[in-house]
Amino acid sequence: MSAMTRIDIAETELHEVETALAQLGHPRFHARQIFQWIYKRGVTDFDQMSDLPRDLRLSTMFVATTPAVERVERSTDGTTKFLLRLADGKHIESVYIPDTPAQTFCISTQVGCAMRCAFCLTGKMGIDRNLTAGEIAGQVRVLASELGMLDRRFNIVLMGMGEPLHNYDSTMKALRMLADDHGFAMSPRRMTLSTVGVLPALERLATEPLMPNLAISLHATTEEQRDLLVPINRKYGLEELLDACRQFPLKRRERITFEYVMLQDVNDSPEDARRLVRLLHGIRGKVNLLPLNEAPGIPFSRPSDERVNRFARILSEHGITVSVRKSRGRDIRAACGQLITESNHANAPGKRLAMLMA
Ligand code: SAH
């Protein structure tokens, strides 16, 4: 046994653990017990799994790699940001957003992000690496356990660091692990995947059996404007993206959320609002306006509430459901687009920015 590498349960779907146990001559149902310990009770030490036979010697077969909590910061509004350290020493952030009225975990999918949206701090870091499925689902385990919420209902939004559709396989595998009846048994209705619209991956998502809610980071109403704000638009343009949204399979009463970051004098005019109405024609969608969270190094300003409200009113007068995202946790730099971790290299842009903001 010792010559074999141990299987990392954190990276494994239930059926894979069942197969591994069966191959070693053990009953498959132990896999469900192990999952319950890990996901429902937050126990990753195999010696503590008291309903499993000792002679199984689980810890010689398995490990359960779990991100370590390095720092916890709590905002005056209750939002709580977790700095987590991964097995290779890299850092990510995950955020707990209470009472919206749901309890929401905002989860990262990559260390950094390659999309480089013009107004997003995470984008300034560039991409370091993809997270594994176990690191994505592991954030949910850690937050639920740290917050004493293992047996409570919560939502997850893939709106932390990274672009989920740029890390497709691991993201989808993590969602399946979270949905497993013997894991958190999360309903896909409680999961939201937010994306800039990596088109081939979006088309693949449309064929998945496990379908999270979809949020599209739109942010602009013309190709030129979106080319500048969301650079991947130069590859997969606005028009194609909206076509894919038109064809995206939605169940009854489901809608796509379009996120629209509001930048003063860039995309916040009444004309932009009217163009947005036209663009969304024929799409079952709603709009979530995100007034910019300002930060040093981000060359845009947040529009006044009056401008945001005027924009929102135009949408709603045209029958579009619109909400304005209240920004949470700004005092601890936990709000949208503000997640950034220090890199090990002193000169990395992430490090410099993080210092600027300290
Ligand atoms: N990469 C995915 C997931 C990140 S979600 C995506 O882009 O959809 C984070 C959301 O916050 C996105 O809609 C993003 O565009 C938005 N955002 C980024 N920077 C922001 C900022 N400074 N202020 C407000 N929203 C921002």
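Buried, in this talk, means under 20% relative accessible area, exposed means over 50%, and partly exposed is in between, with a 1.4 Å probe and protein chains only. This is a predicted model, in which local features need pLDDT of at least 70 and side-chain atom pairs count only at pLDDT 80 or more, while totals for chains, interfaces and linings use all residues. Residues are numbered from 1 along each chain as its sequence is written, and side-chain values use heavy atoms, with hydrogens and water left out.

I start with F311. It is found in helix α11, residues 305-317, helices being DSSP runs of H or I with at least four residues, and strands runs of E with at least two, numbered from the N terminus. F311 has a relative accessible area of 1%, so it is buried. Leaving out residues up to four places away in sequence, F311 touches Y260, M262, N267, D268, S269, D272, A273, L276 and L289, where contact means heavy atoms within 4.5 Å. As for N267, it is 44 residues from F311 in sequence, and the C-alpha atoms are 10.0 Å apart.

Now the ligand. It is surrounded by 19 residues, the closest being F119, S194, S217, H219 and N293; a residue is counted if one of its heavy atoms lies within 4 Å. Strands β10 (191-195) and β12 (256-262) each supply at least two residues of that shell.

Which backbone atom lies 3.0 Å from a ligand nitrogen? A backbone N or O atom of F119 does. For G162, a backbone N or O atom is 3.1 Å from a ligand nitrogen. These are polar contacts, pairs of N or O atoms within 3.5 Å.

Terms used
Polar contact = N/O pair within 3.5 Å; in protein donor to acceptor, adjacent residues only side chain to side chain.
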